[in-house]
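Me: Please take a close look at one part of the structure below, the helix packing. I would like the helix pairs taken in turn, with the terms spelled out.

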Amino acid sequence: MALELKSTQFRREREGTWRELEKLVERAEKSGVETLDGASLTRLPTLYRATLSSLSVARAVSLDRNLLNYLEALCARAYLSVYGVRERPLSLLLAFFAWRLPIAVRAAWRPIAIAALVMLAGTLSAWWLTVHDPSYYGSFVGEMEQGRNFQSTPEQLHQSLQGTGNSGQLGAFAAYLFSRNAGIGMLSFALGFMLGIPTLILTFVNGLTLGAFLALHQSKGLLLEFAGWLSIHGPTELTSLVLAGAAGLKLASAILFAGREPRLTRLARDGRDAAVIVMGAVLLLFLAGLLEGIGRQTILDTLPRFLIGWSVWGAIVAYFCLAGRAHR
Amino acid sequence: MTDAALSPLPGDKAMRSVVTPEGVAVHIRLATIGERFSALLIDLVILFVALIALAIVSRFIGGNFGAAAYILILFLLRNFYFAGFELAWNGRTPGKRMTSLRVINRRGGPLTPAAVIARNLMREVELFVPLTLAFSGAITAAMGLSVGWIWLVALVWVGVLACLPIFNRDRLRAGDLIAGTWVVAEPRPVLLPDLAETAPGGSWATQEVADYSFTTTQLDVYGVKELQVLEDVLRSNGPAQGDVRRDIAQRIARKIGVEPPIPNDLETTRFLEAFYAAQRRRLEAEMSFGRRRRDKFDRPAGRVSRTPTRSG
């Protein structure tokens with residue numbers, strides 16, 4: 001009579017492999033896969049596949065539940081550490097700039113157009129209302145006023161367009177502008193989950209502030225200087241806020257209009273694409289923060305402000321339109 | 001592509017199967033709401049301590065550089081604490097690590113950075129904005145102003161989003177929904193000794209105490225389910241195990257029609273282990289012929305199934 005069960009024999013033959021994998025995975029999880037030496041690193045996938053095949057065999061030959069559960073758990077655990085965020089940070093970053101971001105932006109042209117129109121509508125309505133009744137100004141601008149209002153003289157306004165002259169805090173100012181704007185951008189993405197309505201409102205409100213400023217400076221005959229003041233960072237900043245809003249709208253449209261795909265699948269795909277767009281917007285806002293916080297305070301003439309601001313914007317638009325076309 | 005990974009297993013509502021790129025389905029347990037909440041609490045405490053430390057350090061540095069660095073680090077901590085750790089540690093934050101949780105891709109591929117960022121940007125709306133609202137509401141209330149509607153908005157907001165994981169069977173929060181991720185419990189592999197090997201039944205021919213043997217008919221009474229229940233009984237060592245084992249040994253003996261063992265702990269255990277080994281040998285042998293008997297109500301393992309339509 002054969003004394004040993006087939007499944008017992010199977011276990012005796014393979015157990016060494018499993019134990020080795022168990023140790024290796026434990027080490028990889030404690031201190032990261034990178035810390036494994038070369039030999040272990042080449043051993044890991046081999047052991048993982050051998051154990052996976054053990055699991056398949058065990059399911060067919062063994063009724064030992066502890067053994068089956070053990071193999072199941074070991075395979076799942078090894079799978080999780082073998083297939084993680086695999087790519088290297090540098091190649092991820094390269095791929096992000098080379099094609100992931102521009103392709104995601106081009107694919108989202110519809111929400112981008114909608115967000116841009118909504119912001120434009122906000123600008124125009126605030127401008128129109130404020131030009132006809134300056135008392136609206138305060139409610140549109142709010143805390144961003146910083147002493148600029150209809151009681152200011154043109155000289156005072158001109159002075160504020162020239163920059164504060166307080167050059168000691170430029171870095172902090174740029175950092176503040178960036179973190180505030182990036183916060184708004186990421187919020188308008190996340191608010192897209194609430195069917196996009198708060199995103200639309202936020203984008204519209206961003207436009208309102210701009211429109212009220214326009215009306216103020218127009219009424220004091222400073223439209224050109226104001227345009228220069230705004231041009232150096234405005235195109236970049238407003239573009240990224242539009243992109244962030246568009247990302248939120250993309251999220252909302254995945255919830256509302258899933259089409260033929262299951263809603264969860266559509267949402268997971270569009271959500272990730274939208275996150276790529278928001279990251280692009282945040283990086284642009286960093287650039288805008290530098291332009292606004294440092295460039296605007298050091299470059300005081302209107303013409304160079306125009307030139308720098310719009311050429312940066314042109315480069316950004318060209319990048320989004322042209323980059324990554326060869327991919328796929 | 002079908003979302004096959006989304007289908008729950010028939011047995012356990014919290015188990016999900018993920019098909020690895022090698023084509024083998026492995027089963028992973030979803031994290032419970034409680035586990036996730038404690039992971040979040042740990043992370044929030046760490047974040048809070050880090051923010052306080054940052055504020056203190058920036059006081060000492062001061063100046064333009066200090067202020068700029070403070071604002072930037074504050075921004076990064078607040079927005080990228082979770083995403084940064086999940087990227088660096090393969091879907092784990094310090095809190096998740098301490099509670100043995102992990103974020104994985106629902107479809108079974110690698111966890112992409114875009115997914116990590118998407119799921120964590122959502123925290124702003126799920127967590128930070130409602131917290132700030134509630135907080136500012138508390139401050140305004142402390143100043144004696146009416147804040148009824150702020151509280152209401154915050155409450156509804158927190159309520160709807162915080163309860164989202166309770167209302168779907170995959171326990172997805174809004175961030176998991178848009179990123180296509182699951183939060184799962186890290187599986188813990190524990191391999192115990194093989195009962196059929198340690199049991200005296202495994203080598204009974206060489207030992208004089210081996211006086212339990214079973215016929216094929218007796219071994220055809222039970223199925224896989226009963227075998228595995230017996231395995232659980234033999235593996236557990238609770239205080240009342242002696243009584244449980246005696247009871248089960250009596251029932252098995254009565255059912256298969258053999259003399260019950262002497263009702264002491266040693267004999268009972270030996271009887272059960274011998275029966276386990278014999279039963280497993282029988283069922284595994286049948287299984288290798290493609291006949292798997294699920295439980296005692298299944299058709300007998302030994303006989304070829306009759307097809308009633310042809311029997312006529």
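What follows is a description of the helix pairs, with the domains before them and the chain contact after them.

Reply: This is a predicted model, in which local features need pLDDT of at least 70 and side-chain atom pairs count only at pLDDT 80 or more, while totals for chains, interfaces and linings use all residues. Residues are numbered from 1 along each chain as its sequence is written, and chains are lettered from A and ligands numbered from 1 in the order in which they are written.

Chain A is assigned domain 1 (6-82) and domain 2 (89-322), with bounds from an automatic or database domain assignment. Between the C-alpha centres of these two domains of chain A lie 52 Å.

Helix α5 of chain A covers residues 109-132, and helix α11 of chain A residues 234-256; helices here are DSSP runs (H or I, at least four residues), numbered from the N terminus. The axes of α5(A) and α11(A) come within 8 Å and cross at roughly 120°. Such axes are lines fitted to C-alpha atoms over the stretch in contact, with angles running from 0 to 180 degrees between N-to-C directions. α5(A) is therefore oblique to α11(A), the class left once angles under 35 degrees (roughly parallel), over 145 (roughly antiparallel) and 65 to 115 (roughly perpendicular) are taken out. Their crossing is right-handed, meaning that the near helix is turned clockwise from the far one by less than a right angle.

Contact requires C-beta atoms, placed from the backbone, within 7 Å. Between these two helices, α5(A) supplies residues including Pro111(A), Ile114(A) and Met119(A), and α11(A) residues including Leu238(A), Leu249(A) and Lys250(A). The contact of α5(A) with α11(A) has eleven nonpolar residues, two polar and one charged. Ala, Val, Leu, Ile, Met, Phe, Trp, Tyr, Cys and Pro count as nonpolar, Asp, Glu, Lys and Arg as charged, and the others, Gly among them, as polar.

α5(A) also packs with helix α9 (residues 197-219) of chain A, where the axes come within 6 Å and cross at roughly 40°. This pair is oblique because of that angle, and α5(A) passes α9(A) in a right-handed crossing. Their contact holds 18 nonpolar residues, eight polar and no charged. The 23 residues of α9(A) should span 33 Å at 1.5 Å a residue, which agrees with end C-alpha atoms 33 Å apart. After α9(A) comes Gly221(A), with a positive phi near 70°.

Helix α10 (residues 223-231) and helix α13 (residues 302-322), both of chain A, have axes 8 Å apart at an angle of about 40°, so α10(A) is oblique to α13(A). Here the crossing is left-handed. Among the residues in contact are Trp229(A) of α10(A) and Arg305(A) and Trp310(A) of α13(A). The contact divides into four nonpolar, four polar and two charged residues.

Lastly, the contact between the chains takes 60 residues from chain A and 61 residues from chain B.

Note on methods
The expected span of a helix is 1.5 Å times one less than its number of residues.
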